[in-house]
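Visitor: I am new to protein structures. Could you show me how to read one, feature by feature?

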Amino acid sequence: MDTILVVNAGSSSLKFEVFAVGTALMKLVKGQVEGIGTAPHFTVKNAKGEQTVDRSYASGEVPDFAAAMHHVGAWLREQFEGQLVAVGHRVVHGGPDYARPVRVDQHVLEDLERYIPLAPLHQPNNLAPIRTLLERQPGLPQVACFDTAFHRGHDPVTDHYAIPAHFFAEGVRRYGFHGLSYEYVAGRLKEIAPDIAKGRVIVAHLGNGASMCALRDGHSLECTFGFTALDGLPMGTRCGQIDPGVLLYLIEQGRMTSSELQDMLYNGSGLKGLSGISNDVRDLLASDDARAALALDHFVHRISLNAGALAAALGGLEAFVFTAGIGENSPVMRERIAKKLNWLGAQLDPARNKSGEMLVSTADSRIALYVVPTDEELMIAQHTLGMVAV
């Protein structure tokens with residue numbers, strides 16, 4: 001059996017999925033190694049969602065991503081006979097040059113390392129498994145799939161900042177992220193509601209990382225993310241849009257170093273920073289603390305403001321789509337957000353919203369409301385197969 005391995009490396013975790021290659025890609029297993037370097041924990045679920053592996057290791061047994069790849073690779077060789085056709089990787093930043101997936105060699109890897117300062121918490125970890133496999137199995141095809149690529153067709157007006165023009169040429173521009181998720185949802189929408197998919201749609205990717213994208217005929221016109229994955233909506237631990245003057249104030253008056261500021265903006269802000277309780281919406285919904293209510297109200301408020309801006313960019317709106325962890329799994333948050341979209345003509349059907357249907361708007365709603373589960377790993381597998389099949 002030929003297989004494709006999809007790897008998504010985070011800050012301290014290595015997630016993976018294995019797909020069988022046939023007339024269609026079929027997901028076989030999904031697993032991850034969490035707590036790399038601290039409290040490593042290896043888990044795997046089969047295609048039915050049943051847990052088949054649950055192992056813990058001493059920190060010294062899995063000190064880094066190379067060791068995690070070794071353990072995952074050994075387990076995969078035990079489980080699957082046949083040929084591993086290729087490995088597809090999620091890479092957050094493709095910079096201005098990579099507008100589509102690419103086969104990775106040493107030259108491409110070194111090129112992608114240039115974007116580490118643009119995504120300091122993501123890019124190094126995304127590239128670590130690629131580097132390990134290039135060293136250990138140089139003949140194994142590897143494909144990098146970028147979270148920025150889907151947004152590369154923007155009008156230049158959209159991607160410029162109003163700063164001296166030479167910075168744009170140097171790469172200081174709005175990139176947008178979550179592109180693999182938006183690309184997948186755009187494709188699914190063509191299957192679910194082809195007429196809607198041809199029109200003007202806002203997709204809200206709401207999870208621990210959160211953003212929104214304006215689609216016209218399945219193409220990205222505008223995204224709430226900008227130069228880095230800090231911009232736009234408040235997130236689990238990231239600040240979202242902030243006045244640059246605040247940052248200057250914190251540096252000059254608060255005497256914060258760049259590393260302290262980076263840690264606060266990426267890890268100590270967003271829902272966690274506002275509430276002082278948690279970055280998890282479920283915890284905040286369950287809390288009677290006023291700070292939890294403030295954090296959730298702020299989250300919904302910023303989503304509604306950005307919905308207005310994206311609707312303006314589109315010149316109207318036919319549909320609003322919820323996806324990712326919060327968008328797919330929280331009827332309460334969908335209801336709160338939909339109420340803020342009433343001015344656009346959105347009317348949520350409470351029964352549909354609670355029952356888990358894809359279409360959750362009423363029959364007389366002027367804009368359709370959908371819940372479309374995302375699948376970034378399948379999108380990566382499809383791209384990877386396409387790259388090695390040519």
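This is a predicted model: local features need pLDDT of at least 70, side-chain atom pairs count only at pLDDT 80 or more; totals for chains, interfaces and linings use all residues.

Visitor: What do the labels and the pairing rest on?

Guide: Helices (H or I, at least four residues) and strands (E, at least two) are DSSP runs, numbered from the N terminus. Two strands pair if DSSP finds at least two bridges between them.

Visitor: How many bridges join β1 to β2?

Guide: Strand β1 (residues 3-9) and β2 run antiparallel, joined by 7 bridges. β2 is also joined to strand β3 (residues 26-34) by 7 bridges, again antiparallel. Phe16 has Gly31 as its bridge partner in β3. The link from β2 to β3 is a hairpin through 5 residues.

Visitor: Which way do side chains point in a strand?

Guide: In a regular strand the side chains alternate between the two faces of the sheet.

Visitor: Why is β2 largely enclosed?

Guide: Buried means under 20% relative accessible area, exposed over 50%, partly exposed in between (1.4 Å probe, protein chains only). In strand β2 (residues 14-20), 6 of the 7 residues are buried, so the rest of the structure largely encloses this strand. Strand β10 (residues 210-216) also has 6 of its 7 residues buried, so β10 is largely enclosed too.

**An open sheet**

Visitor: What is the order of strands in the open sheet?

Guide: The order is β11-β10-β9-β12-β13, an open sheet of 5 strands with mixed pairing. β11 and β13 (368-371) stand at the edges with a single partner strand each, so one side of each has no neighbour in the sheet. From one strand to the next, the twist averages 25°. Angles run from 0 to 180 degrees between N-to-C directions; axes are lines fitted to C-alpha atoms, for helices over the stretch in contact.

Visitor: Are the pairs parallel or antiparallel?

Guide: Take them one by one. Strand β9 (residues 200-206) and β10 run antiparallel, with 7 bridges. Their hairpin has 3 residues between the strands, and Arg200 stands opposite Arg216 in β10. β10 and strand β11 (residues 219-223) are antiparallel over 4 bridges. Strand β12 (residues 319-323) and β13 are parallel, over 4 bridges. Val321 has Tyr370 of β13 as its bridge partner. Helix α14 (residues 331-340) packs on the sheet and touches β9, β12 and β13, its direction making about 155° with that of β12.

**Backbone angles**

Visitor: Which residues have a positive phi here?

Guide: Arg255 is one of them, with phi near 55°. Arg255 sits in the loop between α8 (244-252) and α9 (258-267), and is exposed at a relative accessible area of 64%. Ala324 has a positive phi of about 75°. Ala324 lies in helix α13 (residues 324-329) and is buried, with a relative accessible area of 6%. Asp217 has a positive phi near 50°, in the hairpin of β10 and β11, which has 2 residues between the strands.

**Contacts of one arginine**

Visitor: Is Arg152 buried or exposed?

Guide: Arg152 is buried, at 15% relative accessibility. Its place is the loop between β8 (142-146) and α4 (156-159).

Visitor: What does Arg152 touch?

Guide: Contact means heavy atoms within 4.5 Å. Not counting residues up to four places away in sequence, Arg152 touches residues including Gly95, Tyr98, Asp159 and Tyr175. A polar contact is a pair of N or O atoms within 3.5 Å; within protein, one must be able to donate a hydrogen and the other to accept it, and residues adjacent in sequence count only if both atoms are side-chain atoms. The side chains of Arg152 and Asp159 make a polar contact at 3.4 Å.

Conventions
Residues are numbered from 1 along each chain as its sequence is written. Side-chain values use heavy atoms; hydrogens and water are left out.
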